[in-house]
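Please look over the sequence and the 3D structure below. Keep both open while you read.

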Amino acid sequence: MSVVVVGNGMAGARFAADLRALDPQRPVVIFGAEPTRAYNRILLPELLAGRVEEDDLLLPEASGALDLRTGVAVTEIDPVRRTVRADDGSRIRYDALVLATGSRPVVPPIVGLTRADGDLVEGAAVFRTLADSRRILAATDGARDVVVLGGGLLGLEAARGLTGLGLSVHLVHARGQLMERQLDGDASRILTRTLEGLGVRVRLHAATAAVVGGDRVRGVVLADGTAIPADLLVIACGVRPDVELAVKAGLRTGRGVVVDDGMRTSDPSIYAIGDCVEHRDQVYGLLAPAWEQARVAAGRICGRPARYTGSRLVTRLKARGVDLAAMGDPHAHDEDTEVVTFADPAREIYQKVLIRERRLVGAILLGDNPSVGTLTQLFDRGAPVPTDARSLLFARPGGGAVGGVGGAGAAGPGAAGSGAVPAANSTLCQCNGVTAGAIARAWLGGARTVAEVTATTRASTGCGGCRDTIEGFVGALSAEPEPGSELGSELTSQPDFESAAEFGSESGSESDCGSAAGPDVREEEGVA
Ligand SMILES: Cc1cc2nc3c(=O)[nH]c(=O)nc-3n(C[C@H](O)[C@H](O)[C@H](O)COP(=O)(O)OP(=O)(O)OC[C@H]3O[C@@H](n4cnc5c(N)ncnc54)[C@H](O)[C@@H]3O)c2cc1C
């Protein structure tokens with residue numbers, strides 16, 4: 001059975017690796033429109049901030065015979081003949097086709113932003129690919145003033161990264177608050193203050209009327225007439241699933257390519273995964289769902305009964321000097337929902353948890369928040385929260401304020417590093433769904449360094465937000481007097497989420513991305 005993948009991004013590359021792991025002999029062809037090897041897109045803000053090099057972004061290549069065609073785009077699918085045609089003139093046959101075409105940035109229709117040929121004027125750039133990032137970095141050379149359009153997560157991360165390069169940055173957002181899908185007004189006000197303290201000048205209620213400068217960006221003019229100078233304009237106005245090929249092939253599409261729980265489209269020979277997908281009316285635009293979907297599609301193609309049942313959203317901002325995590329629905333203020341908040345604007349702290357039927361349905365954690373790991377776990381697993389909701393906000397990792405998480409205390413970022421013993425089924429790496437038990441198993445199997453544990457389990461290979469936790473946990477395991485002694489044995493003897501989610505399980509699993517450019521990566525309004 002020959003498999004063809006369209007898209008060598010984070011989902012396509014992961015799918016190929018998962019398929020290889022299940023069936024190393026199966027022929028796989030991957031088309032990637034970008035000219036590079038697959039890379040970790042979510043670390044692009046770190047590249048912009050000068051904190052990583054391009055080589056640090058490259059994803060491991062799938063082992064085995066893989067026919068990888070970089071710089072080649074598929075232009076047409078013929079579902080009847082089961083062939084794809086590419087822009088290098090090739091046409092190949094498939095038994096199973098996997099669409100992993102990702103999403104495209106939204107470019108708002110602002111006067112002066114595009115040239116007659118439709119390209120962006122010089123000095124303006126979207127922020128989606130490595131090539132975009134190179135363009136942005138090249139434009140910072142000799143630049144002084146930057147405008148970032150869009151007050152969602154991506155815009156915030158770009159703005160913060162560029163202030164780190166010593167540039168004067170305005171963040172322009174048409175709405176009255178930042179990250180309106182993940183935050184409420186109070187959180188947005190405190191976040192605005194934090195960003196301003198870091199040098200980002202935030203303009204809310206600021207619709208952009210025009211880009212000025214002719215062929216080259218010189219500034220923007222807002223609807224109220226305010227002019228802001230800019231040598232560089234970064235557009236972070238959301239993305240749309242790339243459904244073009246699917247539409248042309250007659251597949252069912254809505255906002256994305258519609259798939260079932262086996263990641264199958266309306267054509268049973270064609271699967272779709274990642275950002276381009278619409279599953280149960282949801283489009284995610286996040287890494288953790290994309291990787292889980294990749295795993296399910298690989299399992300299905302290899303005849304396993306894997307299922308994807310949806311993901312719960314956890315959003316974490318990756319911007320130096322700002323600690324922000326948001327999960328679920330922070331706006332669920334109905335009569336069945338208990339809302340507990342704590343705000344300390346002077347210290348730039350805001351905490352809010354929303355509880356319904358003793359389950360966490362939403363949370364905002366801004367500033368110093370020791371309980372972020374615990375709350376992520378509770379949300380991720382739909383576990384009951386303590387009756388005294390205040391203890392949720394003020395729990396110290398390992399302090400025992402929130403008992404009963406997996407029966408062994410809560411794990412999360414910081415928990416392992418602080419010496420607390422996480423429950424075996426605590427997910428330490430949200431992007432990859434790696435539990436403490438899986439890490440302990442790898443460690444007992446001989447992986448003794450962080451690099452070895454990472455290579456074995458994939459922990460911390462997504463957003464990297466769990467790196468300290470993994471290091472702390474590996475450190476705790478290594479402090480054991482001998483391999484296989486108490487901590488490792490205790491953890492590996494506990495039931496582990498991951499085993500329930502392995503291929504062959506019909507139950508499927510739910511996982512989040514612990515450090516995500518959340519759903520607002522998809523936002524398509526409120527910018528221009
Ligand atoms: C700057 C940035 C930061 C982000 N940060 C986070 C984060 O912190 N956490 C998080 O969870 N998510 C984050 N995301 C979102 C995350 O990157 C995506 O969810 C993830 O990349 C989805 O993977 P994908 O393979 O579906 O799409 P992509 O990674 O976009 O890959 C799609 C690939 O398909 C190729 N392609 C498209 N059409 C064709 C064709 N016809 N032929 C051949 N190739 C084609 C494209 O060129 C592209 O390379 C971020 C995104 C960006 C841009």
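Predicted model: local features only at pLDDT ≥ 70, side-chain atom pairs only at ≥ 80, totals over all residues.

Residues are numbered from 1 along each chain as its sequence is written, and side-chain values use heavy atoms, with hydrogens and water left out.

Start with the five-stranded sheet. Its order is β9-β16-β10-β11-β12, the sheet is open, and the pairing is parallel. Strands here are DSSP runs of E with at least two residues, helices are runs of H or I with at least four, and both are numbered from the N terminus. Two strands pair if DSSP finds at least two bridges between them. β9 and β12 (200-203) are the edge strands, each pairing on one side only. From one strand to the next, the twist averages 20 degrees.

Now look at strand β16 (residues 232-235). Strand β9 (residues 124-126) pairs with β16 in the parallel sense over three bridges. Ala124 has Leu233 as its bridge partner in β16, and Ala125 stands opposite Val234. Strand β10 (residues 145-149) also runs parallel to β16, joined by four bridges. There, Val148 has Val234 as its bridge partner. In a regular strand the side chains alternate between the two faces of the sheet. Are the faces of β16 covered or open? Both are covered: Leu232 and Val234 are buried on one side, Leu233 and Ile235 on the other. Buried means under 20% relative accessible area, exposed means over 50%, and partly exposed lies in between (1.4 Å probe, protein chains only).

Helix α5 (residues 153-163) belongs in this picture. α5 packs on the sheet and touches β10, β11 (168-172), β12 and β16. Contact means heavy atoms within 4.5 Å. The direction of α5 makes about 170 degrees with that of β11. Axes are lines fitted to C-alpha atoms, for helices over the stretch in contact, and angles run from 0 to 180 degrees between N-to-C directions. How many of the eleven residues of α5 are buried? Eleven of the eleven are. Among them are Glu157 and Arg160, along with Leu153, Leu156 and Ala159.

The other sheet has three strands. This open sheet runs β4-β5-β6 with antiparallel pairing. Its edge strands are β4 (74-78) and β6 (91-93), each pairing on one side only. Neighbouring strands are turned by 20 degrees against each other on average, direction ignored. β4 and strand β5 (residues 83-86) are joined by four bridges and run antiparallel. Asp78 stands opposite Thr83 in β5.

Helix α11 (residues 436-444) packs against helix α12 (residues 450-457) at about 115 degrees, with their axes 10 Å apart. Ala438, Ile439 and Ala442 of α11 meet Val453, Thr456 and Thr457 of α12. By class, that contact has four nonpolar, two polar and no charged residues. Nonpolar covers Ala, Val, Leu, Ile, Met, Phe, Trp, Tyr, Cys and Pro; charged covers Asp, Glu, Lys and Arg; the others, Gly among them, are polar.

α11 also packs on helix α13 (residues 467-478), at about 50 degrees with axes 11 Å apart. That angle makes α11 oblique to α13. Angles under 35 degrees count as roughly parallel, over 145 as roughly antiparallel, 65 to 115 as roughly perpendicular, and the rest as oblique. From α11 come Ala436, Ile439, Ala440 and Trp443; from α13 come Ile470, Phe473, Val474, Leu477 and Ser478. This contact divides into eight nonpolar, one polar and no charged residues.

Thr70 lies in strand β3 (residues 66-70) and is partly exposed at 31% relative accessibility. Thr70 and Gly32 are 38 residues apart in sequence, yet 4.7 Å apart in space, C-alpha to C-alpha. Beyond its neighbours within four places in sequence, Thr70 has contacts including Asn8, Glu34 and Arg37.

Most residues other than glycine have a negative phi. His205 has a positive phi of about 50 degrees. His205 sits in the loop between β12 and β13 (208-212) and is exposed, at 63%. Arg358 has a positive phi of about 65 degrees. Arg358 is in the loop between β24 (349-356) and β25 (359-366) and is partly exposed, at 43%.
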